[in-house]
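Me: I am new to this structure and would enjoy a guided visit. Please pick one part, look at it closely, and then show me how the rest of the chain is built.

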Amino acid sequence: MADTKARYRVQQFRAAERETPDYGRSTAWVQAVGLGFHQQHRSDEYVEKALSAYRVDNRELTGVYVDGDAPAHALAATVPVATYATMRKPLNIGYGRQLDSRLVTSVTVRGTHRRQGLLRGLITADLAAAKDEGLAMAALTASEGSIYGRFGFGVATTERSIAVDTGPRFRLRWEATGTVEAADASVLLDLAPLVFARVHRHTPGSIGRQEYYRHLASGAIGRDGLPDATVRCALHYDSAGTVDGYVAYRFKGWDTKPYTMEVVDLVAATDAAYLELWQYLGSIDLIERVTWEEAPVEDPLTWALQDPRCIESSAVRDMLWLRILDAPAALAARRYSADSRLVLEIKDALGFASGVWVLESDGGAAAVAGAPAGTEPDLTLDVADLGSMYLGTVSPVTLSAAGRIREHTQGATFTAGRMFAVERPAHCLTHF
Ligand SMILES: CC(=O)SCCNC(=O)CCNC(=O)[C@H](O)C(C)(C)COP(=O)(O)OP(=O)(O)OC[C@H]1O[C@@H](n2cnc3c(N)ncnc32)[C@H](O)[C@@H]1OP(=O)(O)O
C-alpha cells in the first residue's frame with residue numbers, strides 16, 4: 001500500500017471477547033463488513049456470536065483506518081474503511097491428501113475509498129506473508145468473477161442452484177440401505193461437525209469448515225444472528241445405526257408457490273446417505289419443490305432420478321478459487337492419476353510461483369524440480385490456470401482451447417488432464 005501510507009493505518013487483531021478493552025474495535029470491524037456487503041446493521045447479539053465463532057476459527061482480522069479524525073456526523077475514524085480476514089484450514093487435494101491453506105474472506109473497501117489500491121495492498125502483503133509462513137495455497141470464494149484473477153486466483157470448483165420438482169414424477173432408481181429419521185435441529189450442533197469431517201476426508205475440493213456452519217445447520221444462528229426456529233432436520237442412519245448424513249431445511253411459507261422446502265445444509269458421508277436424504281426430501285407431504293443453492297454441478301441426483309428433468313438447474317457458477325503460492329510444494333503435495341513427465345512454465349504477475357518446473361509422477365507420487373536452464377516447456381500457463389487445473393475440475397484441453405494455456409508439446413494438455421484428475425468430482429460445500 002505504498003501510495004496510500006500517508007492516509008491510512010493498518011491494524012491486525014483477533015476477535016476480542018465482550019467486556020475486554022478491544023471489544024469496540026472488533027465490533028466496529030464486524031459492522032464495517034456488514035456495510036461493505038450491504039447487510040443490515042448487526043445486532044449486539046449477532047456481533048457477539050460472530051466474534052465468538054471467529055475466535056474458534058482463529059481468524060485474523062485486518063482493518064484499514066483513516067488517519068486523523070472523521071468529519072462531524074460521518075462514521076468515526078474507529079470504523080475501518082477496509083476489512084480483510086484470514087483463517088488457516090485444510091483443503092482436500094484429492095485421494096484424501098490435505099494441504100493447509102490460507103483462506104481469505106470478509107474483503108470490503110468502503111465506497112468512498114474504492115479504487116485507490118487498498119485491496120491490492122492488503123492481498124499482496126497477505127499472500128506474501130502466507131508464503132513466508134510456509135503455506136503453498138491460498139483460497140477464497142468471490143463476490144464477483146472479475147476481481148481475483150489478476151492476483152493469481154483461478155476457479156477450482158463450481159456449484160449450481162437447483163429446484164427439484166418433488167411431485168409424482170420424483171422417483172429415484174435406488175434401493176434404500178439405511179433409514180432417515182426426523183430430529184430436532186439442535187442435535188446438529190454436535191453432529192454436523194462429525195458428519196462433515198467424514199465428507200471432508202473423501203471429497204476433493206472440500207475446505208475444513210468454520211465454526212459458523214454448525215450454528216447455521218442447527219438453527220442456532222439465523223441470518224439476523226437470532227435463533228432461526230424455522231430450521232428443521234432429518235438424519236440418515238446407515239445399516240449399523242450410525243448417523244452418516246443430515247439435511248437441515250426450512251419451509252418457505254404458504255405464500256411461496258409451489259410450496260417449497262429450502263435446503264439450508266445437506267451433508268452426506270456416503271452415496272446412500274445422499275440419495276436417501278433426497279428420497280426423504282422428495283417424500284415430504286404438502287411440498288411440491290425443494291431448492292438448494294449449493295448443489296454440485298456433477299450431481300449423482302441427476303443420474304439417480306428416473307426423470308432427470310425433475311431438476312431445474314440455474315446459476316452454474318464459480319465457487320472455490322485457488323491461488324498457488326509455492327508451485328513445487330503444491331505440485332509435490334498432489335497424488336497423480338497417471339504416470340508421466342511434464343515441464344510446466346508458470347507465469348505469475350506477483351512472482352510467488354513463477355518458474356519452469358519438471359513434474360514427474362511415478363505410481364501416483366510426484367517428484368518436482370526446477371528445470372535446468374534452457375529446458376523447453378511442454379506447457380506455458382498462468383498460475384491462476386494451474387489453480388483451475390489443480391483439482392481436475394476443468395480439463396487443460398479446454399483451458400488451451402480458451403487461449404489460456406499454451407501447448408508446446410502436442411498432447412501435453414491431454415496428459416496434464418489425466419495426471420491432475422481426482423478420484424471423484426471436486427466439490428466444496430463450504431462458503432467462507
Ligand atoms: C474474498 C471476498 O471477501 S470477496 C468480496 C469482495 N468484496 C466485495 O465485493 C464488496 C464490495 N466491493 C468492495 O468492497 C471493493 O470494491 C473491492 C474489495 C472489491 C475492491 O477494493 P478496491 O480497494 O477498490 O480495489 P483496488 O483499488 O485495490 O483494485 C485492485 C485492482 O482490482 C480491480 N478491481 C477492484 N474491484 C473490482 C471489481 N469489482 N471488478 C473488477 N475489477 C476490480 C481494480 O481495477 C484494480 O485493478 P488493477 O490494479 O489491475 O488496475
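Reply: Let us start with T302, which has its place in helix 7, residues 300-304. Helices here are DSSP runs of H or I with at least four residues, strands are runs of E with at least two, and both are numbered from the N terminus. The model is predicted: local features need pLDDT of at least 70 and side-chain atom pairs count only at pLDDT 80 or more, while totals for chains, interfaces and linings use all residues. Residues are numbered from 1 along each chain as its sequence is written.

Apart from neighbours within four places in sequence, T302 is in contact with P308 and I311, contact being C-beta atoms, placed from the backbone, within 7 Å. L235, 67 residues away along the chain, has its C-alpha atom 22 Å from that of T302.

Now to the core. The largest nonpolar core has 122 residues, a core being buried Ala, Val, Leu, Ile, Met, Phe, Trp, Tyr and Cys residues joined through C-beta atoms within 7 Å. Those with the most contacts inside this core are A139, Y246, V247, A248, L277 and I324. Helix 6, residues 271-282, gives the most to this core, with seven residues. Not counting residues up to four places away in sequence, A248 touches A185, L188, A217, V231, C233, V264 and D265.

Just after helix 2, N58 takes a positive phi of about 55°.

Finally, step back to the whole chain. The protein chain has eleven helices and 19 strands, and 43% of its 432 residues count as buried. Its C-alpha atoms fill a box of roughly 65 × 65 × 35 Å along the principal axes. Of the contacts between residues at least 6 apart in sequence, 73% join residues at least 24 apart.

Conventions:
Buried ≥ 20, exposed ≤ 12 C-beta atoms within 10 Å, placed from the backbone. Contact = placed C-beta atoms within 7 Å.
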